[in-house]
Amino acid sequence: MADEESQPVATHNSPRTWLLTAALSPLAVRLIRQLLSHGDYVVACLPPQEIDHEQRSAEFRELIAECKSNRKDREGWKDRIRGFRCEDNMSSSLSAVAEAVDVFGRIDILLCCRSEAVVATVEELSTNPHTQSLARQQFESNFFSQVNFIKAALPQLRKQHTGHIIALTSVCGHLGTPGLSMFSAATWALEGYCDSLAYEVAPFNIKVTIVQPNMEIQSLTSRLTFAPQVPAYIDAYPTAPNVRDMLSNVLNSDPDTAVPDSLDYRATPSTPGSMSLEPEPGRGDIFSRYPKLPQNAADALVNETVHALTAIGGHENPPSRHIVGAEAALAVKEKLKTVTEEMEDFVDSSLAVDIFDSELKEEAKKGKKPRDNSSEAGGASQTA
C-alpha cells in the first residue's frame, strides 16, 4: 500500500489520481488516454453489464492492450491504471475507493460520469409495470449510483483535506427535453445534490463542479433504453426535433444497432375522444442499444468535453458549473433569459403575498437592484 501520509499534495499540473465511476464510454476512454499521457493515475470502474458487452467494452480493451504494449509513447501506462469491476451499489463504491487509496495512496478527483438515457414521454412510462420500472432504473443509474460513489469517497477526501468532485451531467440539468423526462429529472436531482454538497464540504477544502455538455454527449455515448411509443405522440411535435426520432436515426445508421422494425410508425395517431382513464398502450417492446459511432465522429463529439474535464479537474479554484460548447451555453442563456422575463411579468403576483411594505418591494417592482445606502452615506460623510 502506498504511504498516504508521505504523498505530496497534487496540484493542477502535477500527476493526479482520478477515479472514474464508469470508464467504458467513448468519452471516458478518450479522457483516460489524455490523463495517462499527462502522467496521471486512473482507477477505472467497469460496470459488469458493460464490460461483458462485447461492443461496449471494445475500445477500453484496445486501450488496455495499448497500455501493455511495448510502444514507446505508452511507456509506464500500465502501472498508472487499474480497472475495477464495479456494481452500482454502495459496497462496490466503497471497494473502488479503497482500491484507489491502496494502489495509488489518494484520490484527487472523483469523476461521476455514469449515464444512461431512458427515451420516453411521461405517459409512455406509465403504460404498464415494465415501463414504470424504467423510471426507477433511470434514477438508479444516473443518480443513486453516483451518490454512492460520492458518499464512499467523502471520508477519504476529508482525511486528505483536499479533493475535487466533478459531476458530468448535461444541459438537461437546465432544460427540460420532450421525450427525456426521466433523464432530465435524474440530471436535475444529481445537480441539486451537488449544489448542496458543495457548501457542506467547502470547509474541508473539497471542491465540487458540475460539467454540462450538450445532451448528445451523454445520450450518444451511453446506453439508450426506449419505451414503447404511444400512438398519440407520433408526429406530436411538428415544429421541434423529436428526440426519439433523432436517436433512432443514429441507431439505424448501423445495422448492428438498428431499432426493431416491428414498430408501426405509420399507424394513425389516437384521438382524445375516449373517456377511459387507463393509459393508452404503447406499440412495440422495451429495447436498449449502445450507439455505435465511427471513430472520427466519436472524437468530434466528445473532444471538447474531454478538454474541459482535463482543464478543470484538480484546478485550485474550479467553477461550480461549467457549460461546454457555444451551443449549450446559448441554450442555457436563453432559458435563464426566459425565467427572468417571466419573473418580471408576474412580479406583482409574486409580491402580493408580502404582508409588509418595504423599499425592497418597490425596487423589485421597478426591476432594479436595491441601492447600497450605506456606501452612499459613507461617501457623503467623507465629502463633508
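Me: α7 (215-219), α8 (243-252) and α10 (326-345) each supply at least two residues to the lining of the second largest pocket. What makes a stretch like α10 a helix?

Reply: A DSSP run of H or I of at least four residues is a helix, numbered from the N terminus. α10 covers residues 326-345, and α10 is therefore counted as one. This is a predicted model, where local features need pLDDT of at least 70, side-chain atom pairs count only at pLDDT 80 or more, and totals for chains, interfaces and linings use all residues. Residues are numbered from 1 along each chain as its sequence is written, and side-chain values use heavy atoms, leaving out hydrogens and water.

Me: What makes a space a pocket?

Reply: On a 1 Å grid over the protein atoms alone, a pocket is an open set of points with protein on both sides within 12 Å along at least five of seven lines, and a lining residue has an atom within 4 Å of a point. The largest pocket holds about 460 Å³. Its lining has 18 residues, and Arg-30, Gln-55, Ala-58, Glu-59 and Leu-293 are the closest to the centre. α1 (26-38), α3 (54-68) and α9 (295-312) each give two or more lining residues. α3 gives five, the largest share.

Me: How do the two linings divide by class?

Reply: Ala, Val, Leu, Ile, Met, Phe, Trp, Tyr, Cys and Pro count as nonpolar, Asp, Glu, Lys and Arg as charged, and the others, Gly among them, as polar. The largest pocket has nine nonpolar, two polar and seven charged residues in its lining. The second largest pocket has twelve nonpolar, three polar and two charged.

Me: Why is α5 called roughly parallel to α6?

Reply: Helix α5 (residues 129-160) and helix α6 (residues 181-201) have axes that come within 8 Å and cross at roughly 15°. That makes α5 roughly parallel to α6, because angles under 35 degrees count as roughly parallel, over 145 as roughly antiparallel, 65 to 115 as roughly perpendicular and the rest as oblique. The axes are lines fitted to C-alpha atoms over the stretch in contact, with angles from 0 to 180 degrees between N-to-C directions.

Me: How are the residues of the contact of α4 with α5 known?

Reply: Contact means heavy atoms within 4.5 Å. Met-90, Ser-93, Leu-94, Ala-96, Val-97 and Val-101 in α4 meet Ser-145, Asn-148, Phe-149, Lys-151, Ala-152, Ala-153 and Gln-156 in α5. The contact has eight nonpolar, four polar and one charged residue.

Me: Why are α4 and α5 called oblique?

Reply: The axes of helix α4 (residues 90-104) and α5 come within 8 Å and cross at roughly 40°. α4 and α5 are therefore oblique to each other.

Me: What makes α1 and α3 roughly parallel?

Reply: The axes of α1 and α3 cross at roughly 15° and come within 9 Å. α1 and α3 are therefore roughly parallel to each other. Pro-26, Val-29, Arg-30, Ile-32, Arg-33 and Leu-36 of α1 make the contact with Arg-56, Glu-59, Phe-60, Leu-63, Glu-66 and Cys-67 of α3. Seven of these are nonpolar, none polar and five charged.

How values were computed. 1 Å grid on protein atoms, 1.4 Å probe; cavity = no way out; pocket = protein on both sides within 12 Å on 5 of 7 lines; lining within 4 Å. Points joined across faces, edges and corners; volume = space filled by probe spheres on them.
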